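Hi everyone, thanks for coming.

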Amino acid sequence: MNEFDLIREYFTWPIKDPSVALGVGDDAALFSLEQGYQLVTTTDTLVEGVHFSASTPAKDIAHKSLAVNLSDIAAMGAKAKYFTLAISLPKLDQSWLKEFSDSLRQLSGYYKVSLIGGDTTRGSLTITINMFGIVEFSKALTRSGARPGDGVYVSGTIGDAGFCFWKLGNGLVPSNQELKRLNCPTPKIELGLELKNLASACIDISDGLEQDLTHILKASSVGAIIEVEKIPISEALYVHIKDTNNWSIPLCGGDDYELCFTAPEDNEEALKMVSESCNVNITKIGVVSESLGLQIEGFDGPRKSYQHF
Ligand SMILES: [Mg+2]
């Protein structure tokens, strides 16, 4: 099997989106943009040994590669549309490729995003996805719109992936639910689209709540006060924290792929409705302040957020 057979066999399937004129198979892809929309694009790379372990199933690697990119599009309040895939493989393992391809095709079908091109090379296992989305002109959610008095909110529960990672590192067995939170995150695409009209700033939590919220505060030239007791956490993590006071897991754990956002107080009722319509919990954990920096009430223990280098 050569590279072209591999692409045809595992990375080519019919595209249903009529805006795509050319997908996989030419020198480049072609798609048209509706008038009044801006193109939103993001890239994330997953490397074996850094972002996932050698024992992670191919289907989970495919899921996470796509989900982390969808999550960035969600954080912009945009609609995900197309993606390219660059994959480097240590060897040609057809059963691995089939499992990866089936999972990628299924999840991309669910989110209605079309695979429109990519590249394959030999090398250590690395997956890079470049995702494209669209958003109405000047409607994108950025990190820079938070204002003093806005509430600070998060979606879902925080720290599950970090707790799973902590368990794995300490010889404990995570639950299936915790493994799912680490390996197969759910991007909050629908929520992001709704927040576009309600939030003042938004980010997806990939590196840890503390670090990612700080990105919003810096970009907006504001500060915030949050209370650890208000951070929504799972029952199992609650028990662990009660015993250890280890709030650094939800504060710095990362890999949550929930949205952290700020919104004016007036939008509180509308946020409740969005929470119901999207079936996603939204929790207010603090408030934006004029004085710079992030103040965390209820925990002053050691914590260390994820650093890329
Ligand atoms: Mg992000």
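Let's begin with a pair of residues: Leu89 stands opposite Arg122 in β5. Before going on, please keep in mind that this is a predicted model.

Leu89 belongs to strand β4, which covers residues 79–89. How many bridges join β4 to β5? There are eight, and the two strands run parallel.

Now let's step back to the sheet itself. It is an open sheet of four strands, and the order reads β3-β6-β4-β5. The pairing is mixed. In general, strands of a sheet pair through backbone hydrogen bonds, either parallel or antiparallel. Which strands sit at the edges? They are β3, residues 37–47, and β5, residues 114–122, and each of them pairs on one side only. If you like angles, neighbouring strands of this sheet are turned by 15° against each other on average, with direction ignored.

On to the loops, for those of you who enjoy backbone torsions. Ser138 is not a glycine, yet its phi is positive, at about 60°. You'll find Ser138 in the loop between β6 (126–136) and β7 (151–155). Is Ser138 buried or exposed? Ser138 is exposed, with a relative accessible area of 61%.

Asn245 is another residue other than glycine with a positive phi, near 60°. Asn245 lies in the loop that runs between α8 (235–244) and α9 (248–252). With 44% relative accessibility, Asn245 counts as partly exposed, because that class lies between the 20% and 50% cut-offs.

Methods: Residues numbered from 1 in each chain as written. Predicted model: local features only at pLDDT ≥ 70, side-chain atom pairs only at ≥ 80, totals over all residues. Heavy atoms only, no water. Pairing = 2+ DSSP bridges. Axes fitted to C-alpha atoms, helices over the stretch in contact; angles between N-to-C directions. Buried < 20%, exposed > 50% of the residue type's maximum accessible area, 1.4 Å probe, protein only.
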